[in-house]
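Trainee: I have a new model open and would like to go through it. Can you help me read it?

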Amino acid sequence: MPEWFLKTILILDTSWVFILSPAIFIFYFRKDYLALRFALITAAFFLYGTIIHPYLKEFDNGIYVYRYLVWALNDIAWMALIAYLGLKDKVYLWQCVLGQLVVIMAPILQLFRLVDRHLWDLSYSTYIYKTLLPFINIGTVVVCYLPLIYILTKDKKSPASTASAF
């Protein structure tokens, strides 16, 4: 296999993009462009984070300031873009609001980690940071899949409710 292909597979495997791929394909084939746009933007931000992660750690080696600022700004940029698209009816508004509610804790957690590590010189945030951040990412992926779950549950309820109406 070519080396670029193996690197691409490694990046996809180590990021949440791999988990979002089925949702992207399903929304594309169902022509659910609002959910597709939300999933694509989320996947793009996850992919961006995965690509810059080693370079950011190398750049911020021993300082431990810039990584938290970059991650907080990345989360805020995602929230701003999703909010803008939600207001312009380019993504589902309910999905936009749920995404905001899930991700709002991430920049707060990043900045708390920064302050805890440098201003207070404590380690209170270590376990909170390592525990909550994966849950926030999982919650974001779940929000990406919610339109699919809604479609599947709606399709199951429709025939039953129609049959009982007769």
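This is a predicted model: local features need pLDDT of at least 70, side-chain atom pairs count only at pLDDT 80 or more; totals for chains, interfaces and linings use all residues.

Trainee: How many helices and strands does the protein chain have?
Mentor: The protein chain has seven helices and zero strands. Helices (H or I, at least four residues) and strands (E, at least two) are DSSP runs, numbered from the N terminus.

Trainee: Back to α2, then. What span should its residues give?
Mentor: Helix α2 covers residues 17-29, and its 13 residues should span 18 Å at 1.5 Å a residue. The expected span is 1.5 Å times one less than the number of residues. The end C-alpha atoms of α2 are 18 Å apart, which agrees.

Trainee: And which residues are buried in α2?
Mentor: V17, L20, A23, I24 and F27 are. Buried means under 20% relative accessible area, exposed over 50%, and partly exposed in between, with a 1.4 Å probe and protein chains only. Of the 166 residues of the protein chain, 35% count as buried.

Trainee: What about α4, how many residues has it got?
Mentor: Helix α4 runs over residues 66-87 and has 22 residues. From first C-alpha to last, α4 reaches 31 Å, close to the 32 Å expected. Its buried residues include R67, Y68, W71 and W78.

Trainee: Why do the buried residues of α4 line one face?
Mentor: Seen down the axis of α4, they fall within an arc of 165 degrees, so they line one face of the helix. The arc is that of the directions from the helix axis to the C-beta atoms. An α-helix has 3.6 residues a turn, so residues three or four places apart point the same way.

Trainee: Which exposed residues are on the face of α4 turned away from that side?
Mentor: L73, Y84 and L87.

Trainee: New topic. What is the volume of the largest pocket?
Mentor: The largest pocket has a volume of about 960 Å³. Of the 31 residues that line the largest pocket, the closest to its centre are G49, T50, H53, W71 and N137. On a 1 Å grid over the protein atoms alone, a pocket is an open set of points where a 1.4 Å probe fits, with protein on both sides within 12 Å along at least five of seven lines; lining residues have an atom within 4 Å of a point.

Trainee: Which helix gives the most to that lining?
Mentor: α3 does, with 10 residues.

Trainee: Which loop holds Y64?
Mentor: Y64 lies in the loop between α3 and α4. Y64 has a positive phi of about 55 degrees although it is not a glycine.

Trainee: Is Y64 buried, partly exposed or exposed?
Mentor: Y64 is partly exposed, with a relative accessible area of 27%.

Trainee: Last one: how many disulfides are found?
Mentor: A search of the whole structure finds zero, a disulfide being a pair of cysteine sulfur atoms within 2.5 Å. C96 is buried at 5% relative accessible area, and C144 is buried at 0%.

Technical notes. Residues are numbered from 1 along each chain as its sequence is written. Side-chain values use heavy atoms; hydrogens and water are left out. Grid points are joined across faces, edges and corners, and a volume is the space filled by probe spheres set on the points.
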